[in-house]
Amino acid sequence: MTANELTTLSLAEHGPVIPVIVIQRLADAVPLAQALVDGGVKVLEVTLRTPVALAAMEAIARAVPEAIVGAGTLRSVADVQVARNAGCRFGVSPGFTDALADACRTQGLPLLPGVSTASEVMQANAGGYHFLKLFPATAVGGVNLLKALGGPFPDVAFCPTGGITPETAPQFLQLPNVKVCGGSWLTPQDAVDAGDWARITRLAREAGALRR
Ligand code: 3PG
């Protein structure tokens, strides 16, 4: 394992769920992050999917120092550069490319790369990555796929993400090759729109209590 991987794997030590966050309005970024941190969730994946995403990452990193902010939805070399410049401490990608991995290495950004097949696991392993995001986890086979991948890849750990709910998360978290899972259920858009930060803190606390 490389030092890079030890860094991403250490994210799992902070709790069983990494929230996948889509920020539509910059003003929501800091109270949203603070609500999650108040609920005990401090590893935050902020997706690069909205025009305010980069400004949101910067604002959170500045105003909520306990938060460990990463950039999600990294797809290109340019994404890696802007995420690094925004102060992100890790990156998450939906898939794996050598160009993305090279850019992350060059920029010193620990990467949690996405895979959904055995061949992609092998490609990521060849690139030096053994802690991988399974995406979209439920759609590509969920718990059964993770059990099956555990046979040929006993040295690979996963962060399944995509379609996971508070009800199904425990089934994933009990697998020996699952270290943490990702999901958007901690930050429902209606709660964000209503400024219902207490609900988000409650969801974070409940997610943190899920058993690994
Ligand atoms: C995403 O890319 O949006 C994540 O996989 C989150 O998926 P979810 O909304 O199904 O949790």
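Visitor: Which residues is Asn125 in contact with, leaving aside its neighbours within four places in sequence?

Guide: Asn125 is in contact with His130, Leu132, Phe153 and Val156 once those neighbours are set aside, where contact means heavy atoms within 4.5 Å. This is a predicted model, in which local features need pLDDT of at least 70, side-chain atom pairs count only at pLDDT 80 or more, and totals for chains, interfaces and linings use all residues. Residues are numbered from 1 along each chain as its sequence is written, and side-chain values use heavy atoms, with hydrogens and water left out.

Visitor: Is Asn125 buried or exposed?

Guide: Asn125 is buried, with a relative accessible area of 17%; buried means under 20% relative accessible area, exposed over 50%, and partly exposed in between, using a 1.4 Å probe and protein chains only.

Visitor: And where does Asn125 sit?

Guide: Asn125 has its place in helix H6, which covers residues 118-126 and in which Val121 and Ala124 are buried as well as Asn125. Helices (H or I, at least four residues) and strands (E, at least two) are DSSP runs, numbered from the N terminus.

Visitor: How do the buried residues fall when seen down the axis of H6?

Guide: They fall within an arc of 100 degrees, so they line one face of the helix; the arc is that of the directions from the helix axis to the C-beta atoms. The face turned away from this buried side carries the exposed residues Ser119, Met122 and Ala126.

Visitor: What do the buried residues of H6 pack against?

Guide: They pack against three strands, namely E6 (114-115), E7 (131-134) and E8 (157-160). Following H6 comes Gly128, whose phi is positive, near 100 degrees.

Visitor: Changing topic, where is Val52 found, and what does it touch?

Guide: Val52 is found in the loop between strand E2 (43-47) and helix H3 (53-63). Not counting residues up to four places away in sequence, Val52 touches Ile23, Gln24, Arg25 and Leu26. The C-alpha atoms of Val52 and Val178, which are 126 residues apart along the chain, are separated by 32 Å.

Visitor: Stepping back, how many helices and strands are in the protein chain?

Guide: The protein chain has 10 helices and nine strands. Its radius of gyration is 16 Å, close to the 17 Å that the globule rule gives for 212 residues, so the chain is as compact as a globular protein of that length. That radius is taken over C-alpha atoms, and the globule rule is 2.2 Å times the number of residues to the power 0.38.

Visitor: What share of the 212 residues is buried?

Guide: Buried residues make up 54% of them.
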